[in-house]
Amino acid sequence: MSLESEIKRRRTFAIISHPDAGKTTLTEKLLLFGGAIHVAGAVKSNKIKKTATSDWMEIEKQRGISVATSVMGFEYRHFKINILDTPGHQDFAEDTYRTLTAVDSVIIVVDTAKGVEAQTRKLMNVCRMRNTPVMIFVNKMDREGKDPFELLDELEAELNIAVRPLSWPINQGFSFKGVYNIYKDNLELYTPNKQKISETLNVDIAGKELAELVGEKDASKLREDLELINGVYNEFDVQEYLSGKLAPVFFGSALNTFGVKELLDCFVEIAPSPLPVQTQERIVDPYEEAFSGFIFKIHANMDPNHRSCIAFVKVCSGKFERNVNYKHVRHGKMMRFSAPTAFMAQKKETVDEAYAGDIVGLPDTGTFKIGDTLTSGENLHFKGIPSFSPEMFKYIENADPMKTKQLDKGINQLMDEGVAQLFINQFNNRKIIGTVGQLQFEVIQYRLLHEYGAQCRWEPINLHKACWIESDDPEELENFKKRKAQYMAVDKDGRDVFLADSGYVLQMAQNDFENIQFHFTSEF
Ligand code: G4P
């Protein structure tokens, strides 16, 4: 197959949801359709999220397992599908944000009874930053839930995106009878079944047969609903979807493998194949012959006997090949990889080649950091791996003065891996670690000890937010830095960061210094 057709048939996406909406179940059913697994229950659920307050060793053990499910590749029809898994636990939200930089589209799972939840909203904001095309799957239709029209309004308002139903439920909960596939104009009748795929019927919506299948009352309700949909919503426009402005909505029940095939069939047909990517130097087209890619995730092995990491590369253009020399742009040196891995079904296996859209795992012993670029030789720097303003802060102190070097090395490497963010307070030179969740502090302490032989101690610091600041007015910037000297820090790249100890202080600073921009992500 030509390079072009290989790349065209790739669909690389992530499924995101608030914990418990059904992401794991849906993922598993998609794998089932792709023949990548044969029985339901085979995917280890990412149950991390359920132990919300922290037996984190257990969590890490499960994270270890989840390397295998970090990327799930499979073939469906003539498409090559790559699903990128995202951690369910919100303390690993930063991991999820980074994964979203490596996908070309997203499927959002919403629970019909709960509607839009906190995590869904946050993740949608990240999608919106990049205009990522999203599709929505309303799950658990076998249970009582919200009225579908009301739910659509809620999706539109809460997720701040136009929606367009492409399938429509006939009742829900106890009296759920099936969905009408608006995209393909056919009917799927509901039979609860966790393994099998239901039959699809071509039924004339205006004809008698519909009433015979679902009863007179539900037949007329469906006709009315469809009429209303056509009245209220514009004709579905793929371009609107591709530009991230319109989300097609499907209804179903992942657990019962119902409505999932409709979603998948429409998805492969309309979801984007790999898209051009912006680098600092130029836009890289996926169909270029030369290989390029960036590291979006580094997965550490928690087993102290196998201390290597896996660096995940998203191939952005051309073809990646085993044992070929590629340039590690930050280090300016050539490297080749004899054991790159790809992820097919649930197996990690060595691959000889991978194409734009694919994810390749590279064994890593500290050579990579998040955002690093690999190319066939050109000096490119991919943009768009933002760090988000963390929400929790602690001073990190050395608890074993004999191991200062180890501690520094450990901190630097963990920050390169993206475990947390480091800020150095310019006033007292103390190191501050910022995270999105409590768990990261435990992870860092544990890993410093077990991987670097260093001991750290945490000390409290009262901070509300860290934000990056910049200004076109050097005088005002200097003035600000002087006035706020106690609260000024630099991040690992030496950029100015303001540490606000309360929302009020931040607000006042924003009011008082009009020529200073306060940024809440590192990319601006
Ligand atoms: P998540 O990854 O988004 O966190 O959700 P997950 O798939 O683990 O699903 C959360 C719970 O919702 C699971 O139940 C799962 O079986 C259930 N579920 C998923 N899809 C449907 C559906 O279409 N209908 C109904 N009724 N339930 C659904 P659990 O009891 O927490 O776990 P388990 O013991 O069944 O695995």
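Over the ring of which residue does the charged end of Arg430 sit? The ring is that of Tyr395, and the charged end of Arg430 sits 3.7 Å from its centre. A charge counts as over a ring if NZ of Lys or CZ of Arg is within 6 Å of the ring centre and within 35 degrees of the ring normal. Lys8 also lies over a ring face, that of Tyr287, at 5.7 Å from the ring centre.

The model is predicted: local features need pLDDT of at least 70, side-chain atom pairs count only at pLDDT 80 or more, and totals for chains, interfaces and linings use all residues. Residues are numbered from 1 along each chain as its sequence is written, and side-chain values use heavy atoms, with hydrogens and water left out.

The protein has 14 helices and 31 strands. Helices (H or I, at least four residues) and strands (E, at least two) are DSSP runs, numbered from the N terminus. Of the 524 residues, 57% are buried. Buried means under 20% relative accessible area, exposed means over 50%, and partly exposed lies in between (1.4 Å probe, protein chains only). Contact means heavy atoms within 4.5 Å. Among contacts between residues at least 6 apart in sequence, 72% join residues at least 24 apart.

Eight strands form an open sheet. Their order is β27-β24-β26-β25-β29-β30-β28-β31, and the pairing is antiparallel. The edge strands are β27 and β31 (516-519), each pairing on one side only. From one strand to the next, the twist averages 40°. Axes for such angles are lines fitted to C-alpha atoms, for helices over the stretch in contact, and angles run from 0 to 180 degrees between N-to-C directions. Two strands pair if DSSP finds at least two bridges between them. Strand β28 (residues 465-471) pairs with β31 in the antiparallel sense over four bridges. Ser471 has Ile516 of β31 as its bridge partner.

Helix α11 covers residues 404-416. Its expected span is 1.5 Å times one less than its number of residues. The 13 residues should therefore span 18 Å, and the end C-alpha atoms are 18 Å apart, which agrees. Leu407, Gly410, Ile411, Leu414, Met415 and Asp416 are buried in α11. Gly418 follows α11 and has a positive phi, near 85°.

Aromatic pairs number 19 in the structure. Rings of Phe, Tyr and Trp (its six-membered ring) pair if their centres lie within 6.5 Å; planes under 30 degrees apart count as stacked, over 60 as edge-to-face and the rest as tilted. The rings of Phe498 and Phe518 have centres 6.2 Å apart and planes at 70°, so the pair is edge-to-face. Phe498 lies in strand β30 (residues 496-500) and Phe518 in strand β31, so the pair ties together parts that are 20 residues apart in sequence. Both Phe498 and Phe518 are buried. Elsewhere, Phe291, Phe320, Tyr326, Phe337 and Phe368 form one aromatic cluster.

The loop between β7 (167-170) and β8 (178-181) holds Gln172. Gln172 is buried, with a relative accessible area of 10%. Leaving aside neighbours within four places in sequence, Gln172 is in contact with Thr112, Met141, Arg143, Glu144, Gly145, Lys146, Asp147 and Pro148.

Most residues other than glycine have a negative phi. Asn171 is not a glycine, yet its phi is positive, about 60°. Asn171 lies in the loop between β7 and β8. Its relative accessible area is 27%, so Asn171 is partly exposed. Asp185 also has a positive phi, about 55°, although it is not a glycine. The place of Asp185 is the loop between β8 and β9 (186-189). Asp185 is partly exposed, at 47% relative accessibility.

Asp512 lies in helix α14 (residues 503-512). With a relative accessible area of 47%, Asp512 is partly exposed. Asp512 and Phe480 are 32 residues apart in sequence, and their C-alpha atoms are 9.5 Å apart in space.
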